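Please prepare a short briefing on the fold and selected local features of the structure shown below, with the cut-offs behind each term.

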Amino acid sequence: KDLGHIPSLRAENKESEFLNKILPTLTVDKLSLRDSRLPRGHIPYLSGTRATWLSVADTEISDTAIDDLPTTSEFLDANRTEISDEGLEKLTRLTQLKTLVLAGTATSESAIDKLRRRMPRCHIIWEPLLKP
(Lines give C-alpha, C1' and ligand atoms only; values in the text may rest on other atoms or scores of the structure.)
Protein backbone atom coordinates (compact mmCIF):
# COMPACT_ATOMS: atom_id res chain seq x y z
CA LYS A 1 0.00 0.00 0.00
CA ASP A 2 1.32 3.45 -0.93
CA LEU A 3 1.11 5.86 1.98
CA GLY A 4 2.16 8.82 -0.16
CA HIS A 5 4.19 11.78 1.03
CA ILE A 6 4.81 13.02 4.56
CA PRO A 7 6.98 15.98 5.52
CA SER A 8 8.76 14.34 8.46
CA LEU A 9 9.26 10.90 9.97
CA ARG A 10 11.11 10.13 13.17
CA ALA A 11 11.65 6.36 13.10
CA GLU A 12 14.39 6.24 15.69
CA ASN A 13 15.51 3.11 17.51
CA LYS A 14 13.65 0.87 15.05
CA GLU A 15 14.44 -2.56 13.64
CA SER A 16 15.44 -2.90 10.00
CA GLU A 17 12.45 -5.19 9.29
CA PHE A 18 10.02 -2.45 10.34
CA LEU A 19 11.83 0.17 8.24
CA ASN A 20 11.91 -2.19 5.24
CA LYS A 21 8.11 -2.48 5.44
CA ILE A 22 7.22 1.18 6.00
CA LEU A 23 9.78 3.22 4.03
CA PRO A 24 9.07 1.80 0.54
CA THR A 25 5.44 2.89 0.97
CA LEU A 26 6.11 6.61 1.30
CA THR A 27 8.28 9.56 0.45
CA VAL A 28 9.61 11.74 3.24
CA ASP A 29 11.31 15.14 3.27
CA LYS A 30 12.93 14.81 6.69
CA LEU A 31 13.86 11.35 7.98
CA SER A 32 15.53 10.47 11.26
CA LEU A 33 16.68 6.87 11.72
CA ARG A 34 19.00 7.67 14.62
CA ASP A 35 19.88 4.65 16.74
CA SER A 36 17.99 2.25 14.46
CA ARG A 37 19.29 -1.19 13.67
CA LEU A 38 20.28 -0.63 10.06
CA PRO A 39 22.18 -3.40 8.29
CA ARG A 40 25.87 -2.96 7.44
CA GLY A 41 25.18 -3.94 3.82
CA HIS A 42 22.87 -2.44 1.22
CA ILE A 43 19.73 -0.65 2.39
CA PRO A 44 17.71 -0.23 -0.83
CA TYR A 45 14.63 1.13 0.92
CA LEU A 46 16.53 4.35 1.76
CA SER A 47 16.91 5.62 -1.80
CA GLY A 48 13.18 5.72 -2.49
CA THR A 49 12.45 8.01 0.44
CA ARG A 50 13.66 11.05 -1.53
CA ALA A 51 14.62 12.65 1.82
CA THR A 52 16.36 16.02 1.70
CA TRP A 53 17.25 15.78 5.42
CA LEU A 54 18.50 12.43 6.71
CA SER A 55 19.96 11.24 10.00
CA VAL A 56 21.50 7.78 10.25
CA ALA A 57 23.58 8.77 13.29
CA ASP A 58 24.44 6.13 15.87
CA THR A 59 23.78 3.26 13.47
CA GLU A 60 26.00 0.62 11.89
CA ILE A 61 25.51 2.02 8.40
CA SER A 62 28.70 1.35 6.44
CA ASP A 63 30.47 2.23 3.21
CA THR A 64 28.28 -0.23 1.27
CA ALA A 65 25.06 1.55 2.25
CA ILE A 66 26.29 4.89 0.92
CA ASP A 67 25.19 3.66 -2.52
CA ASP A 68 21.61 3.55 -1.22
CA LEU A 69 21.42 7.04 0.29
CA PRO A 70 18.93 9.29 -1.53
CA THR A 71 20.58 11.62 -4.04
CA THR A 72 18.07 14.28 -2.94
CA SER A 73 19.82 14.67 0.44
CA GLU A 74 20.86 18.20 1.32
CA PHE A 75 21.67 17.34 4.95
CA LEU A 76 23.18 14.05 6.11
CA ASP A 77 24.00 13.24 9.72
CA ALA A 78 26.22 10.13 9.68
CA ASN A 79 27.71 10.84 13.10
CA ARG A 80 29.08 7.74 14.87
CA THR A 81 28.51 5.33 11.98
CA GLU A 82 30.74 2.69 10.39
CA ILE A 83 31.68 4.90 7.41
CA SER A 84 35.43 4.77 6.74
CA ASP A 85 37.98 6.48 4.50
CA GLU A 86 37.21 3.95 1.77
CA GLY A 87 33.57 5.02 1.60
CA LEU A 88 34.09 8.78 1.55
CA GLU A 89 34.55 8.94 -2.23
CA LYS A 90 31.06 7.48 -2.66
CA LEU A 91 29.58 10.49 -0.86
CA THR A 92 30.49 12.71 -3.84
CA ARG A 93 27.49 11.22 -5.70
CA LEU A 94 25.28 13.19 -3.30
CA THR A 95 25.61 16.39 -5.29
CA GLN A 96 22.80 18.21 -3.43
CA LEU A 97 24.52 17.93 -0.02
CA LYS A 98 24.97 21.23 1.79
CA THR A 99 25.83 19.79 5.23
CA LEU A 100 27.50 16.49 6.08
CA VAL A 101 28.21 15.35 9.65
CA LEU A 102 30.90 12.68 9.98
CA ALA A 103 32.08 13.19 13.55
CA GLY A 104 32.96 10.04 15.43
CA THR A 105 33.63 7.95 12.34
CA ALA A 106 36.72 5.91 11.54
CA THR A 107 37.85 8.45 8.97
CA SER A 108 41.15 10.27 8.80
CA GLU A 109 41.77 13.98 8.63
CA SER A 110 43.58 13.62 5.30
CA ALA A 111 40.64 11.72 3.75
CA ILE A 112 38.19 14.34 5.08
CA ASP A 113 40.35 17.14 3.64
CA LYS A 114 40.29 15.39 0.25
CA LEU A 115 36.49 15.07 0.48
CA ARG A 116 36.20 18.76 1.32
CA ARG A 117 38.15 19.60 -1.85
CA ARG A 118 35.88 17.30 -3.88
CA MET A 119 32.71 18.78 -2.33
CA PRO A 120 33.47 22.51 -1.94
CA ARG A 121 29.80 23.52 -1.65
CA CYS A 122 29.19 21.14 1.25
CA HIS A 123 29.94 22.07 4.86
CA ILE A 124 31.57 18.98 6.37
CA ILE A 125 31.55 18.66 10.15
CA TRP A 126 34.17 16.18 11.35
CA GLU A 127 35.96 15.22 14.53
CA PRO A 128 38.26 12.23 14.92
CA LEU A 129 36.94 9.05 16.47
CA LEU A 130 37.90 9.02 20.12
CA LYS A 131 38.99 5.58 21.23
CA PRO A 132 38.60 4.59 24.90
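In this predicted model, β1, helix α1 (residues 16-22) and β2 make up a β-α-β unit that is right-handed, a crossover being called right-handed if, with the strands pointing away from the viewer, the path from the first strand over the helix to the second runs clockwise. Helices (H or I, at least four residues) and strands (E, at least two) are DSSP runs, numbered from the N terminus. Because the model is predicted, local features need pLDDT of at least 70 and side-chain atom pairs count only at pLDDT 80 or more, whereas totals for chains, interfaces and linings use all residues. Residues are numbered from 1 along each chain as its sequence is written, and side-chain values use heavy atoms, with hydrogens and water left out.

**The sheet**

- Six strands form an open sheet in the order β1-β2-β3-β4-β5-β6, with parallel pairing, where two strands pair if DSSP finds at least two bridges between them.
- The edge strands are β1 (4-10) and β6 (123-125), each of which pairs on one side only.
- From one strand to the next the twist averages 20 degrees, with axes taken as lines fitted to C-alpha atoms (for helices over the stretch in contact) and angles running from 0 to 180 degrees between N-to-C directions.
- Strands β1 and β2 run parallel and are joined by six bridges, and Gly-4 has Leu-26 as its bridge partner in β2.
- Strand β5 (residues 99-101) pairs with β6 in the parallel sense over three bridges.

**Val-101 in strand β5**

- Val-101 has its place in strand β5, and its bridge partner in β6 is Ile-125.
- With a relative accessibility of 12%, Val-101 counts as buried, since buried means under 20% relative accessible area, exposed over 50% and partly exposed in between (1.4 Å probe, protein chains only).
- Apart from its neighbours within four places in sequence, Val-101 is in contact with Phe-75, Leu-76, Asp-77, Ala-78, Asn-79 and Ile-125, contact meaning heavy atoms within 4.5 Å.
- The C-alpha atoms of Val-101 and Trp-53 are separated by 12 Å, and the two residues are 48 apart along the chain.

**The aromatic pair and its neighbour**

- One aromatic pair is found in a search of the whole structure; rings of Phe, Tyr and Trp (its six-membered ring) pair if their centres lie within 6.5 Å, and planes under 30 degrees apart count as stacked, over 60 as edge-to-face and the rest as tilted.
- The pair is stacked, because the rings of Trp-53 and Phe-75 have their centres 4.9 Å apart and their planes at 10 degrees.
- Trp-53 is partly exposed, at a relative accessible area of 28%.
- Lys-30 lies over the face of Trp-53, 4.6 Å from the ring centre, a charge sitting over a ring if NZ of Lys or CZ of Arg is within 6 Å of the ring centre and within 35 degrees of the ring normal.

**The loop between β2 and β3**

- Asp-35 lies in the loop between β2 (26-32) and β3 (53-55); the phi of Asp-35 is near 65 degrees, a positive value in a residue other than glycine, and Asp-35 is partly exposed at 41% relative accessible area.
- Arg-50 lies in the loop between β2 and β3, has a positive phi of about 60 degrees although it is not a glycine, and is partly exposed with a relative accessible area of 48%.
- Gly-41 is found in the loop between β2 and β3 and is partly exposed, with a relative accessible area of 29%.
- Leaving aside neighbours within four places in sequence, Gly-41 is in contact with Ser-62, Thr-64 and Ala-65, while the C-alpha atoms of Gly-41 and Ile-61, 20 residues apart along the chain, are separated by 7.5 Å.
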